[in-house]
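Here are my notes on the model you sent. Please read them with the structure open.

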Amino acid sequence: MTTTQLTAEVRRIAGLPFDESETLPPEVYTSPEFHALELERIFRSDWLCVARADQLADPGAYLRLDLPGRPLVLTRDEDGTLHALSRVCRHRFMDILPPETTPEQGRLKRLTCPYHTWTYRLNGDFAGRLAGAPLMRAPGFDRAACRLAAYRLEEWHGFVMLNLDPGAPPLAPELTGLDAVLAGFDLASWTHAATIRWDDVPANWKVALENGSENYHHMGTHADTLEPVAPARATRVDECDGRWFTMHTPDPADPGTGLTIAGIFPNTVLALQSGLAVWATWWPTGPVTHDAVFHVLVPPGAAGQPGFPAYLDSLVAGLRLIQDEDLVAIHGVQRGLSAAPDPPAGRFSHLERPLWQFQRYLASRLAAEAPG
């Protein structure tokens, strides 16, 4: 199919009622042209969850970000305000914080390009403005007008949300229903404890997102790990619509507790328990590859408790085990998609309602007529 035909088919399928819903065409997960359209209309123009505010707790803190095709840096200025800036020097396009020589996060007073030592300010309204350009004497060069591109940020429950589109509507009004679900967790006070990455996973990012958005696969993929503590049959998927979804699985040993899953499209899923949260994102690196990034969040004071390092090591080991199980499924689904299965369409269980919601999200982002 052409990209126009694919987007039309996505809109058709997304328009089906949930009881009649079906899977998307395999080409949606393999087409380079469809991938390019997603980059343009989703990852370069929609709200993305990129960090925790506590990762930039102090004035002068920075965090390097690499969104698809966009090298960025988050900074916190002396007034406590967060900024999102391009890392591309306005001189000759050098990465100002190259990963070969600079840590992913740290503290600094100004951004200094290591190529020709151009420097940029980081405070207030001047964030990103050129501060120094040694030996630059070109006639007509306007230092005051030279600055790094800046992008919009919102903070939500302690998460830093970023949008590359200056004209996009604000995010917070779209998440008011989810605010109510998360109110009891007080996530804004939680702190970031660990990050685990899997780079260049050989599967389309949507395969991984969809896998992380349903518990139906617990009985197969996680039969000996998650299923005993978060059984698929006990999961209640909430009947919501729009940008977010939620579900809850009671703990068989203590039905008053359990696992809450909350997702925010396009690529964020939170797994929440009493005293522990895992925040996962999946980032496309190509039509059939992605990076998976998982973070551990803990309540206030947890990191200072005796034995916390060993506890955290155990949590990280458990996450790696779960992800290793998921990767078998993710790789297998991508192989099946690449084989152009016949017939291509499957149906959804009631536990897969979030996948139907995701289709509706995709259709809304791709609503304009696609090229080709």
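1. Cysteine 240 counts as buried, at 9% relative accessibility. Buried means under 20% relative accessible area, exposed over 50% and partly exposed in between, with a 1.4 Å probe and protein chains only. The residue sits in the loop between β12 (236–237) and β13 (244–251). Strands here are DSSP runs of E, at least two residues; helices are runs of H or I, at least four residues; both are numbered from the N terminus.

2. This is a predicted model: local features need pLDDT of at least 70, side-chain atom pairs count only at pLDDT 80 or more, and totals for chains, interfaces and linings use all residues. Residues are numbered from 1 along each chain as its sequence is written, and side-chain values use heavy atoms, with hydrogens and water left out.

3. What does cysteine 240 touch, leaving aside neighbours within four places in sequence? Its contacts (heavy atoms within 4.5 Å) are Phe245, Thr246, Arg353 and Gln357. Between the C-alpha atoms of cysteine 240 and glycine 301 there are 34 Å. These two residues are 61 apart along the chain.

4. Tryptophan 279 belongs to strand β16 (residues 276–286). Tryptophan 279 is buried, with a relative accessible area of 1%. Its C-alpha atom is 5.7 Å from that of phenylalanine 294, 15 residues apart along the chain.

5. On α4 (residues 205–212) the residues in contact with α6 (residues 353–365) are Trp205, Lys206, Leu209 and Glu210. Leu355, Phe358 and Leu362 make the contact from α6.

Terms used. Axes fitted to C-alpha atoms, helices over the stretch in contact; angles between N-to-C directions.
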